Amino acid sequence: MNPLDLFLGIMSAIGGNVDMGQLVFTIEGGAQFGYMLLWVAVVGSAGIILFAEMSGRVAVVTKKPAFALMRDELARPLGLAVLAASAGVNLLTCTANIGGAALVLQLLFGGEERLMMLVAAGLLLAALLFLKLEPIERIFGLLGLALVVFCFSAVAASPDWTRVGSGFIPQLPSDARMPGLAVYAYYVVGLFSAILMPYEVHFYSSGALEQGWTPKQMASNFSNSVVGFTLGGVLTVALIVSGAAAFFGRSIDPHLLGTTALPVALQLGAKGLLLALVGMLFAVGGAAAETALANGYAIAQYFGRPWGEGRKPRQAPVFYAGWIGLVLASLAIALTGVAPVEVVDYSVLFAVVVLPFTYWPLLAVARDRSKMGEHANGPIVDAFGWIFLALITACALAAIPLMIATHMGRG
Amino acid sequence: MAKAAREAAAYAVGALVALAVLAALYVRAAAMPEPMAADEFSRITRQLASDAHEAERLAVALTRSELTRNYGEYQHRHIGEDVSDTRKKLDAPGPAGDEAVVERARALAGRLAADLEAARLRMSDHDALERIAEDEARIGRELAAMQIVPQ
């Protein structure tokens, strides 16, 4: 394996790991509960590592991406329902990310909101139409790495490291400055879901097939998912610590996307702020690209039609219609003036309801020796797979009631 | 037989959905004026206090040259819009005995909106920003302490 490819793959995974959902839930969670949600970042990152590695391994061995597996493993009405629900979640997620990219463009360059939405969607369409998958991953992933500035900001804030450390142990809120248990549960479910968004494994497994991975590249699959998503988890931790250090106990509920970058400005000044905004722009832009492509992959794969960035539009019309349609529909919704941060709340909470149906078929195939042979799950991976599936199912059942009971986390 | 059962089930589900929709529409159409609930008032004042504290931090950061022009303008404008939207929710009648508290919250929201606009227009005037930040801090503290007694 080319070491440069490995390095770039890992770097892309780090930068491409953070999207609007994580930006919003980490900073808001840190503001509301201090360091108490850090353990969720660890558990969520372990979950995405487990399932991303599994999805890449299954795709390489069976030559089937996530939605083809779903079609084969689920009964047809349920499969179609999951496809429709996933498309709905993709629409909300892409809307939030296009709206978010437009907001960050405004924060950087000023200008009119709707014009920036058109610019963001236009650049996204151009990138997806004229670039191949690998350069797209590298450009968005590497420039999204500017988010590492949040790590420096978190350290510069001189947090109480004992409290930071205790945040990695699951515990219930006991501080009088914190909202109640229901709001805490809402943020636990929201952050967990934001890290495990279903489009990430759809994109990851389809990308592995597009780039022609073979069983010889299992090491690449392992290193990209383990190292990339682990370091992505470090970024998530840094975002929570930054939010907590800047806002916790100060009665600030950071509900504007721009406020997410304020902790960096307060610690590192205007240059740090610019870096944070560049990182946010490419992180949410990359997430919009991944969501759009994941939608094209899902629809084409489910109906057994040709798919792939490497094909021309006339060779894979359903795939192209799937992602171009999603970008245009997302732009149309964003142009109505709906707040991206509110859309992201809905997208993350609805996504968690779809999660069990995304990860169950994957686990079922990954543990099946008749399909996977020597690459089937070992007993430890299998056990963790079941544990995470149980956690995901519990979150899926709790998500909508918590959303209603807590007024979207506002208590 | 199975087809007839499926049709009957479909009619039953359709009728239940129609009834639920009609019930929801009736509840909405027949709603009577009600005083603002205590928890709703708390949510509103918490939101406004958050806006005030964030505005204060922005004003202080501007005096230290920690923010860019576009960032400062955007944040001030959008927090201002948020304050205007939240302030409209205070137009509901206040609960008996607590009208003065709600009225005071309305006044503070108005003052905060004016501070935000002043800060946006004077982002390079550090003396003015310091005065505005002090006022925003006072508004935030007062709003955060406000509450009405549940009826």
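## Chain B at a glance

Of the 151 residues of chain B, 34% count as buried (a residue is buried if 20 or more other C-beta atoms, placed from the backbone, lie within 10 Å of its own, exposed if 12 or fewer, and partly exposed in between). Keep in mind that this is a predicted model, where local features need pLDDT of at least 70, side-chain atom pairs count only at pLDDT 80 or more, and totals for chains, interfaces and linings use all residues. Residues are numbered from 1 along each chain as its sequence is written, while chains are lettered from A and ligands numbered from 1 in the order in which they are written.

## Helices and overall form

Let's walk along the chain. Chain B has 5 helices and 0 strands (helices, H or I, of at least four residues and strands, E, of at least two are DSSP runs, numbered from the N terminus). The radius of gyration of chain B is 23 Å, well over the 15 Å that the globule rule gives for 151 residues, so chain B is more spread out than a compact globule. That radius is taken over C-alpha atoms, and the rule is 2.2 Å times the number of residues to the power 0.38. Along the principal axes, the C-alpha atoms of chain B fill a box of roughly 80 × 40 × 20 Å.

Chain B is divided into domain 1 (1-31) and domain 2 (38-145), with bounds that come from an automatic or database domain assignment. The C-alpha centres of these two domains of chain B lie 46 Å apart.

## Where chain B meets chain A

Here 20 residues of chain B are in contact with 22 residues of chain A (contact requires C-beta atoms, placed from the backbone, within 7 Å). On chain B, the elements giving two or more residues to this side are α2 (38-63), α3 (69-89) and α5 (126-145).

## The nonpolar core

The largest nonpolar core has 174 residues, and those with the most contacts inside it are A:I98, A:L191, A:M280, A:L362 and B:L112. Such a core is a set of buried Ala, Val, Leu, Ile, Met, Phe, Trp, Tyr and Cys residues joined through C-beta atoms within 7 Å. Helix α13 (residues 262-302) of chain A gives the most to this core, with 26 residues.

## How confident is the predictor?

The mean pLDDT of chain B is 89, and 97% of its residues reach 70 or more; pLDDT is the predictor's confidence in each residue, from 0 to 100. For the complex, the predictor gives an ipTM of 0.87 and a pTM of 0.88.

How values were computed
Contact = placed C-beta atoms within 7 Å.
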